[in-house]
Amino acid sequence: MSAASNLRINGDRLWDSLMEMAKIGPGIAGGNNRQTLTDEDAEGRALFQKWCEAEGCTMGVDKAGNMFFRREGTDPDALPVYVGSHLDTQPTGGKYDGVLGVLGALEIVRTLNEAGVKTKHPIVVVNWTNEEGTRFAPAMMASGVFAGIHTLDWAYARTDREGKSFGDELKRVGWVGDEEVGARKMKAFFELHIEQGPILEAEGKDIGVVTHGQGLSWLQFTVTGKESHTGSTPMPMRVNAGLGMARITQLVDEIAWSHKPDAVGAIGHCEIYPNSRNIIPGRAVFTVDFRSPNKAIIEDMETRLKDGAQKICDEIGLTLEVEKVGGFDPVEFDQGCVTMIREAAERLGYSHRNLVSGAGHDACWINRVAPTAMVMCPCVDGLSHNEAEEISPEWARAGTDVLFQAVVEAAEIVS
């Protein structure tokens, strides 16, 4: 480790790369709209490929479109250390969510190359496909296939709101690889991410050492009533799907509050049909997001919501369908990898604290197949999944420096 202990990443170069990637799929308010398997996503992938291959990395792509760029180690038989995140964004996403982790990983390779440092284990920089899940549910889909949570055929069949399938769109943008998904073996996986919450900034901490990840449940509700004229239908004769959704929304909030302070819940996605000013909604489709670091609490929230929603629908005369469209159990990250991150922050003189990640990340799935840990840096006001998402160059540099030290320790410096 001594050969790399004094090395630091080039913060200006990292920031320039972040700003260059942000030019692809610009949003309307300073952020990004680079949703998975769009033309913008394909353009971002091509730029990332160009940068990685310029550093001498060899590319591999699997059948889910996951991109892997390998920097060779001195021992070709040694298991690689993987590091990365995702390049896709929300429709109104920021410039750093996921992207910092991918380009921070690339900066590790650039720094090692610049210093002429070799590692025993190969280092592989990865871009996971469809982490956000905003176009094709669920989130973390391709890393979920990699970890054996989903089948590839199931993932291929997922459709967006226009009826386009994940598999067809992957082919259309030209990023179907020939590798079997999940065939790769890892010594460890590390992911850098912005916190997406307010704790680090509020406490003045430089680094979040992520020890656990909250469990998540996505339940999609379809409430069906009867479309009718808003002006001529008497109140007692209405079967209002929008009213059912409104009452279920209130119930979601009440259930989450009952498990404070760690549990959370909200409806983030909703669609009303036919969505006309003078028609009482005949159908509402919406997704409930419940999270908690305690699996039993998630199960309790799911059960109470299903029972309560059915009662609400029965009272109004609505029919109810519920489908679980995503979720994972709470995660405990590998203690050895977590310790590497914590000790790296201490060596570099950065203030730090343990964190439980409130958001889902590819690392949550990869943790099932390889020792895994996460580094987090602050973001302004904890804002994310918003075009106003912001971090400072100093936060980006600190997080990537810690990531660098942990990855290089796992990869074992030889010269």
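The side chains of His-86 and Asp-97 are joined by a polar contact of 3.4 Å. A polar contact is a pair of N or O atoms within 3.5 Å; within protein, one must be able to donate a hydrogen and the other to accept it, and residues adjacent in sequence count only if both atoms are side-chain atoms. The model is predicted: local features need pLDDT of at least 70, side-chain atom pairs count only at pLDDT 80 or more, and totals for chains, interfaces and linings use all residues. Residues are numbered from 1 along each chain as its sequence is written, and side-chain values use heavy atoms, with hydrogens and water left out.

An unreviewed UniProt entry places the feature "binding site" at His-86, Asp-97 and His-193. UniProt positions follow the numbering used here, feature names are shortened, and annotations may be inferred rather than shown by experiment. The three residues are spread over 108 residues of sequence, yet they cluster in space. Their largest C-alpha distance is 9.8 Å.

His-86 lies in the loop between strand 3 (81-85) and helix 3 (99-115). Helices (H or I, at least four residues) and strands (E, at least two) are DSSP runs, numbered from the N terminus. His-86 is buried, at a relative accessible area of 0%. Buried means under 20% relative accessible area, exposed over 50%, and partly exposed in between (1.4 Å probe, protein chains only). Beyond four places in sequence, His-86 touches several residues, including Trp-128, Glu-131, His-193 and Asp-362. Such a contact means heavy atoms within 4.5 Å.

His-193 sits in strand 5 (residues 188-194). This histidine is also buried, with 1% relative accessibility. The side chain of His-193 makes a polar contact of 2.9 Å with the side chain of Asp-97. Among the other contacts of His-193 are Ser-85, His-361 and Cys-377.

The structure also holds 1 cavity of 30 Å³ or more. On a 1 Å grid over the protein atoms alone, a cavity is a set of points where a 1.4 Å probe fits but cannot get out; lining residues have an atom within 4 Å of a point. About 70 Å³ of space lies in the largest cavity. Grid points are joined across faces, edges and corners, and a volume is the space filled by probe spheres set on the points. Strand 12 gives the most to this lining, with 3 residues. Lining residues include His-150, Trp-218 and Phe-328.

Key: 1 Å grid on protein atoms, 1.4 Å probe; cavity = no way out; pocket = protein on both sides within 12 Å on 5 of 7 lines; lining within 4 Å.
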